Amino acid sequence: MGIHFDKKRLITSLISALLLIILTASVLKWRTGNINNYSQAAFIMGTVFSLDINSYGDDPTGDLIAIGNRLEHDLLSHRISDSEISLINGNSGTPEGYPLTAEMEEILTTCLQISADSNGAFDITIGALTDLWDIDGWASGENDGEFIPPSADMISDALSHCGYEKVRIEDHRIYMPEGMKLDLGAIGKGIYLDECRSYIQENQTTNDLSGIIAAGGSILTLGEKEGGWTIGITDPFNSGEIYDKLSVSGYRNTSTSGSYERFVEYRGVRYHHIINPLTGYPTGCAEDNNKDYSASVTIISDSGLMSDALSTACFVLGETKGRELAKKYGADIYVIPEK
Ligand code: ADP
Ligand code: MG
């Protein structure tokens, strides 16, 4: 009886051991087997998106680029006439409001919350102001002629069409006053990086993949790297130079906002693309009168949208209030003060 039992146990153990060996061997084979580097770059949302991914699995870069194009064209760009944001803007002032997709409702609700938390320093309803200044158009060389800053009257008129507290979202519909325009320029890249992360997680490739996705100045690191990932912080005072290096590990979002990114000059004064929604002027310029002005602000957090929104908000707020806001959201902040 005893021998019979032992024999049975021996056979069972042998089978288990064999199964384990087969399993380990196949995992090892898969682990040590082909790791490939997949790199791709594309011009999306007015900037360069570059993907650099090491993966044991299939090449994900084609799908990730497609996600960027879909977001820009279908959802986020106010420069594309049939994107959801353009349709919303085209229906401002409609008494019955305008229906939102679930995706857009989530984005806009989060943005309005950040506006409230930042006392309006971050405000996606500033479309009338960004249109008036059109710094992107001047900085990119798209506009002909000479840039002249808008008059105080023009600014106060545009300001009257802005203000997150005038927007209402109810029963999946948005209600905004006539003439108001939403501008998601500050967060599009962060939303993209969040989508990339979801795509990678949904396809369960998280463990067999590592790398970096850079959407302009917004970066997502993927997985682990020995010694951590090094993120270079652009020198706001010397174009093309690195000011400092930050080390991050795992899935993290880093986003930088600064006055050096896009700007135009008029009579020796620099007018850049981040506007203080309270004054209507680029943050830090004479009329804006921010004494705590930073040259650039970098936010590191677990969300792309959040790091993007907070870098813009903290830049507008100035260093002291910016640090308080980052702390409230549990995000890391790196400030380069103005000289
Ligand atoms: P970049 O797009 O260069 O990375 P930001 O993320 O800071 O810089 O976003 C700047 C863009 O956001 C502007 O081009 C404009 O479209 C929009 N914007 C400017 N000021 C604000 C603001 N105070 N709140 C929200 N969006 C803003
Ligand atoms: Mg931003």
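## Magnesium site and salt bridges

Along the chain, the donors of the magnesium ion (ligand 2) follow the spacing A-x121-D-x3-T. Ala186 lies in the loop between β5 (173-175) and α8 (188-202) and Thr312 in helix α9 (residues 304-317), so this pair ties together parts that are 126 residues apart in sequence. Helices (H or I, at least four residues) and strands (E, at least two) are DSSP runs, numbered from the N terminus.

This is a predicted model, in which local features need pLDDT of at least 70 and side-chain atom pairs count only at pLDDT 80 or more, while totals for chains, interfaces and linings use all residues. Residues are numbered from 1 along each chain as its sequence is written, chains are lettered from A and ligands numbered from 1 in the order in which they are written, and side-chain values use heavy atoms, with hydrogens and water left out.

The protein donors of the ion are Ala186 (O), Asp308 (O) and Thr312 (OG1), at 2.5 to 2.8 Å from it. Donors are N, O and S atoms within 2.8 Å of the metal (3.2 Å for Na, K and Ca); water is not among the atoms, so sites may look incomplete. Thr312 is buried, at a relative accessible area of 11%, whereas Ala186 is partly exposed at 27%. Buried means under 20% relative accessible area, exposed over 50%, and partly exposed in between (1.4 Å probe, protein chains only).

The structure holds 10 salt bridges, each defined as a side-chain nitrogen of Lys or Arg within 4 Å of a carboxyl oxygen of Asp or Glu.

| Pair | N to O separation |
|---|---|
| Glu103 and Arg70 | 2.8 Å |
| Arg168 and Glu170 | 2.8 Å |
| Arg323 and Glu319 | 3.0 Å |

The salt bridge between Glu103 and Arg70 links distant parts of the chain: Glu103 belongs to helix α4 (residues 102-117) and Arg70 to helix α2 (residues 61-76), 33 residues apart. Glu103 is partly exposed at 27%, and Arg70 is partly exposed at 31%. A network of salt bridges links Arg70, Glu103 and Glu195.

Arg323 and Glu319 both lie in helix α10 (residues 319-328), four residues apart, about one turn of the helix. Arg323 has a relative accessibility of 36% and counts as partly exposed; Glu319, at 23%, is also partly exposed. In the remaining tabulated pair, Arg168 is partly exposed at 40% and Glu170 is partly exposed at 39%.
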